[in-house]
Amino acid sequence: MALTKNQKVLDFVARSAELTQPDKIVWIDGSTKQIKALKEEAVKSGELIKLNESLLPDCYLHRTKVNDVARVEDRTFICTKNKDDAGPINYWMDPREAYELTSEIARGSMKGRTMYVIPYSMGVVGSDFAKIGIEVTDSIYVVLNMNIMTRVGKNCLDALGKDGDFIKGLHAKCDVDADKRYIMHFPEDNTIISVNSAYGGNVLLGKKCFALRIASYLGKNEGWMAEHMLILGVTYPDGEKKYVAAAFPSACGKTNLAMLIPPKHYLDKGYKIECVGDDIAWIRVGADGRLWAVNPENGFFGVAPGTNEHSNLNALESTKRGTIFTNVALNTDNMTVWWEGLSKELPANCIDWTGKPWNKDKFDKKDKSTCAAHPNSRFTAPADNCPCISPDFNSKTGVPLSAIIFGGRRASTTPLVYQSRDWNHGVFIGSAMSSETTAAATGATGVLRHDPMAMKPFAGYHMGDYFAHWIEMGKKVTNPPKIFNVNWFRQDKDGNFVWPGFGDNMRVLEWILKRCGENPVDAVETAIGYVPKAEDIDISELDYSISDKKKFDIESLKEILAVDKEKWAKEAEELEGYYNDTIKSRIPQELWDCLETLKNNCKTSK
Ligand code: OXD
Ligand code: MN
């Protein structure tokens, strides 16, 4: 039975049903009873595998088709009437053509299936930040994941009232045919259509599709921002709290930073990190002239491989109940899950992510095809499982940002941390971000590519306009957060990571926040911005070996703080090429000015 009298919702559901012809329509009310019944049904059909109830209560394993394991950037389209509005780095399709194409594909595809109607909210229902979406889907997996990742239920429909607007999302699994897979966004119609996939990033429409692509477009028009950023809070020994948002490309450590456990001597002094979000931030200007941020999600869709009690204990703990694992390995000895990096010992009896027995003797960590879990295997875990979830997680106003951090995977050139000279220069630094590709999207991994503000795959409009929107936002904030860039991934000449990363990133966070206070710690002005004096980064009690031959010391720190002007001159030249040849137009003058300054700075002796 329909759960609303909102005619727009009823029309959308009726139109979707007329197109896809489901046998049955089920409205998701978000009740425990309904969710439990759906889990049982999915276990019965084999869509989910129930895991060990005493070790992993209420946890399940799901396997996708082998052709459907990551976001598909080349099949993800922004369908604006005017091609230029989607911009040069988005795939574009004429909206009429896109509606026709996907309608043809989805037509009748739910015959013999059930269509679920999921009312959900991104953000705390009833808060100024919140926006409501309705996703119709023929996948129980999607219902159950959306139920973790967003706030689902009848209260979302109640919040819409009789004629409130919402983001329309149609997901049809169809035959999961990779050649007919399309993830279409119609920002001008508040609509998303996804066909022939069942992988999270393509089908949990509240996440990348709505909370980033559609929301970034809404944000541009309404004067706010939707960003690919984690949000964390640092509590000081005296109880003071400061908040930071950080943008890193997919699978570059946002979840790890968001849930960081500080080194012991920080904990002993009383420092604490709390996680507000690990992937998406919606940011508005507050009445106090600061930027305030919320995490619109309600769970974590985290990358499993590499997650262990040392790298991210909080994430691991978050997966201990009520979690859906996707494409990890099944340890058949005790019906738990395993992935590369979870433990040093390899489990004796495992089914790999494709459903075949895994031969641990053939495992070679450099050869992905021998892995038990897919490199982009995931956990979908409720946020309130997280031991360090922030008490502000459900705040209706969000949290005030002291700093914004950009970062990527860069083996060389980019120092461990540096600060922009001002807001516009910070926007320039974000626009210049590049990073090595990861398994989160299909295609080659480890390839250096431009990924401005970590939003290359997620900005729902022209990247030049997106930069201009950042510059405009800077004019609205009287007390803007300071902007920084970090790089945890600097390598020595033998390819070893020089910086320990993980919990030790606290040492860099501390410096960043010391630069944000009333009496900022001193810094060295360089061609690219402000770099720490090595002695101002706390490396006490740091026991890290870069290699068998070398332990980390102050000299190692100096090495990764160094700014090589020759390399930066090349970087600037390359960036100029990217601006001119790839983005081509609509780049605000402020960024050209920053580029000019960088080029000049690299020529001078400072
Ligand atoms: C994600 C991604 O899943 O960025 O968060 O791919
Ligand atoms: Mn992400």
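Let's start at the metal: along the sequence, the residues that donate to the manganese ion (ligand 2) follow the spacing K-x19-H-x50-D. Keep in mind as you look around that this is a predicted model. The three donors are Lys208 through NZ, His228 through NE2 and Asp279 through OD, and they coordinate the manganese ion (ligand 2) at 2.1 to 2.2 Å.

Where do Lys208 and His228 sit? Lys208 belongs to helix α8 (residues 206-222), while His228 lies in the loop between β12 (225-227) and β13 (229-235). These two are 20 residues apart, so the pair links distant parts of the chain. Both Lys208 and His228 are buried.

Now turn to Asp279, which you will find in the loop between β15 (272-277) and β16 (281-285). Asp279 counts as buried because its relative accessible area is 8%, and the cut-off for buried is under 20%. To get a sense of scale, look from Asp279 to Asp553: they are 274 residues apart along the chain, and their C-alpha atoms are separated by 32 Å.

Next, visit a pair of helices. The axes of α12 (residues 423-431) and α13 (residues 463-476) come within 9 Å and cross at roughly 155 degrees. Angles over 145 degrees count as roughly antiparallel, so that is how α12 runs relative to α13. The crossing is right-handed. On the α12 side, Trp423, Asn424, Val427 and Ser431 meet Phe467, Trp470, Ile471, Met473 and Gly474 of α13. Sorted by class, this contact has six nonpolar, three polar and no charged residues.

Note on methods
Residues numbered from 1 in each chain as written. Chains lettered and ligands numbered in written order. Predicted model: local features only at pLDDT ≥ 70, side-chain atom pairs only at ≥ 80, totals over all residues. Heavy atoms only, no water. Axes fitted to C-alpha atoms, helices over the stretch in contact; angles between N-to-C directions. Helix = DSSP H or I, 4+ residues; strand = E, 2+ residues; numbered from the N terminus. Parallel < 35°, antiparallel > 145°, perpendicular 65-115°, else oblique. Left-handed = near helix turned anticlockwise from the far one by under 90°. Contact = heavy atoms within 4.5 Å. Nonpolar A, V, L, I, M, F, W, Y, C, P; charged D, E, K, R; others polar. Donors = N, O, S within 2.8 Å, 3.2 Å for Na, K, Ca; no water. Buried < 20%, exposed > 50% of the residue type's maximum accessible area, 1.4 Å probe, protein only.
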